[in-house]
Amino acid sequence: MPTNHYQKKDSDWCHPCDCYLEGSLSSSCDQQTGQCQCRPGVIGRRCDQCANPFAQVHISGCQIVYNGCPKSFHSGVWWGETVFGGSAVQQCPPGADGQASRYCDQDVGWALPDMFNCVSQTFAQLKDVFGNASNFISSNSVFFRPIYPVTTNACRCPKGFTGMQKSYECDTEVDLCYSSPCGHHGTCMPREGGYTCLCLPGYTGVNCEVNMLSGHCVDGVCRHGSHCTSIRSATSAMLSSMPRSLASRLPSTTSLETGGFTCSNCTRSLYHTSTCELRARRFAKGSFLTFPALKQRHRMLLKISFATRTSDGLLLYNGRYNDKHDFISLEIVDGAVVFSFNLGDDTTRVAASLPHGVDDGDWHTVTVDYLHRVVLNVPSELLKNHDALIDEAFPILLLFTRRCASHRATCNRFLDLTGPLQVGGLPSLPEGRRVQQQDFFGCIADLYIDHKFIDLNS
Ligand SMILES: [Ca+2]
């Protein structure tokens, strides 16, 4: 190893001695510690400092500087002799861009160097890219990207919602249909906190993933004790029961490999879906259906068909029964359809009717489109005699409640429905109730909540 290099114990690296010529007796150093041979009074591994802070290294040893700070090495930079009260300015150390400075104080000597403006060359390149970009504020060594402090409470948003930049109210809905969860066999309809797939005929499942035309039986797909029968085995059974002479005349494409299945043996075969869910039910005094509470707080789309010859009845109710809690209800009152809702304060009612009333024994369909807080939109299209739309009979009603317009105001903004969703009536109640009707006499069919079919047998 050359004498002007050294290697620390247990190190693989060899370093140059780099002795400071003016303070050293030679250019060689200790082969393990790297210590250069210093002139008298000179210290430091490189012999570049004086023990006396007001002295500087000189060819003849340390010499006191009386009117300023001595030449010295600090933070990778040589600082030249500087008068008291002045500042030395030097190029930043190798590898960095910019200039560093150091103040010379009469009482304490050198201050610590100001290296704030020394930046890496990588930063200098970034600054060229971002320095003038919007939303960035840059100094010589730091980028700032401002964030906007929030002076109100921050909300943790429920699934399907996000906050707007200014109010953080979780009032921006995320379109959960964005990723096309229903695939090619269904149409995705966004709803509060989720989505509903409207499946093409022959497809079922949450995401229309079950193919009844060419797929195989899936556990649980046929509801309420109905049997899943594969079409293949049905064909096979049919063939085996045929006289051989007849079976042999069938085209050879009568394959046993077609696949597909049907749900058979529905107990109520007249009104059921292809998976044996019940579409329609008859209600009388004291009969009703109970479902889990609606979780929608912000918006919902209810669709229900009914037929009755009674001018009053309760189609649907959700909420507790005393007068302190939120509820929604859909009633028939004097032959008119009345939708009521309460967010915690007053009850809002919207009525719609036909000239001769809806209690004519025909099927009618009512759609309630509830939209959070500001607008109640009831385009209650009444489908009479199946598909004829009589929209003149049901005007679109818009009710504006302005008191909640400011998001800082204390306000009952959301539906908070507890208790079960009741369809076709309420149980007998000891105390007063929120709605005028308790029972429904007639038939209810095709109940949809946010486009999702509700099985009336569940
Ligand atoms: Ca409420």
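**Cysteines, calcium and a sheet**

Reply: Cys-17 is buried, and Cys-29 is buried too. Buried means under 20% relative accessible area, exposed means over 50%, and partly exposed is in between, with a 1.4 Å probe and protein chains only.

Me: Before more of that, what kind of model is this?
Reply: This is a predicted model, where local features need pLDDT of at least 70, side-chain atom pairs count only at pLDDT 80 or more, and totals for chains, interfaces and linings use all residues. Residues are numbered from 1 along each chain as its sequence is written, and side-chain values use heavy atoms, with hydrogens and water left out.

Me: OK. What joins Cys-17 to Cys-29?
Reply: A disulfide, with S to S at 1.9 Å. The term stands for a pair of cysteine sulfur atoms within 2.5 Å.

Me: Which hand does the link of Cys-17 and Cys-29 have?
Reply: Left-handed, with -65° about the S-S bond. Cys-17 sits in the loop between β2 and β3 and Cys-29 in strand β3, so the pair ties together parts 12 residues apart in sequence. Strands (E, at least two residues) and helices (H or I, at least four) are DSSP runs, numbered from the N terminus.

Me: How many disulfides does the rule give?
Reply: The count comes to 11.

Me: Show me another. How far apart are the sulfur atoms of Cys-50 and Cys-62?
Reply: 2.1 Å, and the two form a disulfide. The torsion about their S-S bond is about -105°, so this disulfide is left-handed. The pair links distant parts of the chain: Cys-50 is in strand β6 (residues 49–50) and Cys-62 in strand β8 (residues 61–64), 12 residues apart.

Me: Is Cys-50 buried or exposed?
Reply: Cys-50 counts as buried, at 13% relative accessibility. Cys-62 is partly exposed, with a relative accessible area of 28%.

Me: And what about Cys-199 and Cys-208?
Reply: They form a disulfide as well, with sulfur atoms 2.1 Å apart. The link is left-handed, with -95° about the S-S bond. Cys-199 is partly exposed at 28% relative accessible area. Cys-208 is buried at 2%.

Me: Switching to the metal. Which residues coordinate the calcium ion?
Reply: Asp-326 (OD), Leu-343 (O), Phe-414 (O) and Asp-416 (OD), at 2.2 to 2.4 Å. Donors are N, O and S atoms within 2.8 Å of the metal, or 3.2 Å for Na, K and Ca; water is not among the atoms, so sites may look incomplete.

Me: What spacing do the donors follow along the chain?
Reply: D-x16-L-x70-F-x1-D. Asp-326 and Asp-416 link distant parts of the chain, 90 residues apart. Asp-326 is in the loop between β31 (313–319) and β32 (327–333), and Asp-416 is in the loop between β39 (397–400) and β40 (421–423).

Me: Are those two aspartates buried or exposed?
Reply: Asp-326 is buried, with a relative accessible area of 7%. Asp-416 is partly exposed, at 36%.

Me: Now the open sheet. What is its strand order?
Reply: Its 6 strands run β29-β40-β31-β32-β33-β34, with antiparallel pairing. Two strands pair if DSSP finds at least two bridges between them. The edge strands, β29 (289–291) and β34 (347–352), each pair on one side only.

Me: How many bridges join β33 to β34?
Reply: 6, and the two strands run antiparallel. β33 covers residues 336–342. Phe-339 stands opposite Val-350 in β34.

Me: Loops next. Where is Pro-94?
Reply: In the loop between β13 (87–91) and β14 (96–97). Pro-94 counts as exposed, at 79% relative accessibility. Pro-94 and Gly-76 are 8.0 Å apart in space, C-alpha to C-alpha, and 18 residues apart in sequence.

Me: Last one. What is phi of Asp-18?
Reply: Near 50°, a positive value in a residue other than glycine. Asp-18 lies in the loop between β2 (14–16) and β3 (24–29). Asp-18 counts as partly exposed, at 47% relative accessibility. Ser-180 also has a positive phi, near 55°, and is found in the loop between β21 (172–173) and β22 (186–191).
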